[in-house]
Amino acid sequence: MKEQRIHWQGPGLTRVPFDLYTDPATAQLEQAQIYRGATWNYLCLDAELPESGSYRTTFVGETPVVVVKDDDGEIYAFENRCAHRGALI
């Protein structure tokens, strides 16, 4: 594990340093450890896709995602990016 760059001040651990919320390295580490890799991520409820063709856009961390219900009632999710230009769909 990387050396922590944010240092806790004071006599206890009751106050979270403001830098923890704004440090880019900490944000990148959170993205990697929480949202990427072999893990399940909540996208939406089945009830939010009531019929075939229903869709919802959301995010997994910083990654935009589209969730859609097909004609057989199956639910699929994919990254919300155009393969050609990388723009949002």
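**Close-up views: cysteines and salt bridges**

A search of the whole structure, which is a predicted model, finds zero disulfides.

View 1. A disulfide is a covalent bond that joins the sulfur atoms of two cysteines. Are Cys44 and Cys82 buried or exposed, or something in between? Cys44 has a relative accessibility of 17%, so it counts as buried, the cut-off being under 20%. Cys82 has a relative accessibility of 29% and therefore counts as partly exposed.

**View 2. The salt bridge of Lys69 and Asp46.** Side chains of opposite charge can pair when their charged atoms come close. How many salt bridges are there? The count is two. In one of them, the side chains of Lys69 and Asp46 meet, with an N to O distance of 3.7 Å. This pair links distant parts of the chain, 23 residues apart. Lys69 belongs to strand β2 (residues 63-69), whereas Asp46 lies in the loop between α2 (24-35) and β1 (55-60). Lys69 counts as buried because its relative accessibility is 12%.

**View 3. The salt bridge of Glu48 and Arg56.** How far apart are the closest N and O atoms of Glu48 and Arg56? They are 2.5 Å apart, and the two residues form a salt bridge. Glu48 has 32% relative accessibility, so it counts as partly exposed. Arg56, at 28% relative accessibility, also counts as partly exposed, because values between 20% and 50% fall in that class.

Methods: Residues numbered from 1 in each chain as written. Predicted model: local features only at pLDDT ≥ 70, side-chain atom pairs only at ≥ 80, totals over all residues. Heavy atoms only, no water. Salt bridge = Lys/Arg side-chain N within 4 Å of Asp/Glu carboxyl O. Helix = DSSP H or I, 4+ residues; strand = E, 2+ residues; numbered from the N terminus. Buried < 20%, exposed > 50% of the residue type's maximum accessible area, 1.4 Å probe, protein only. Disulfide = S-S within 2.5 Å.
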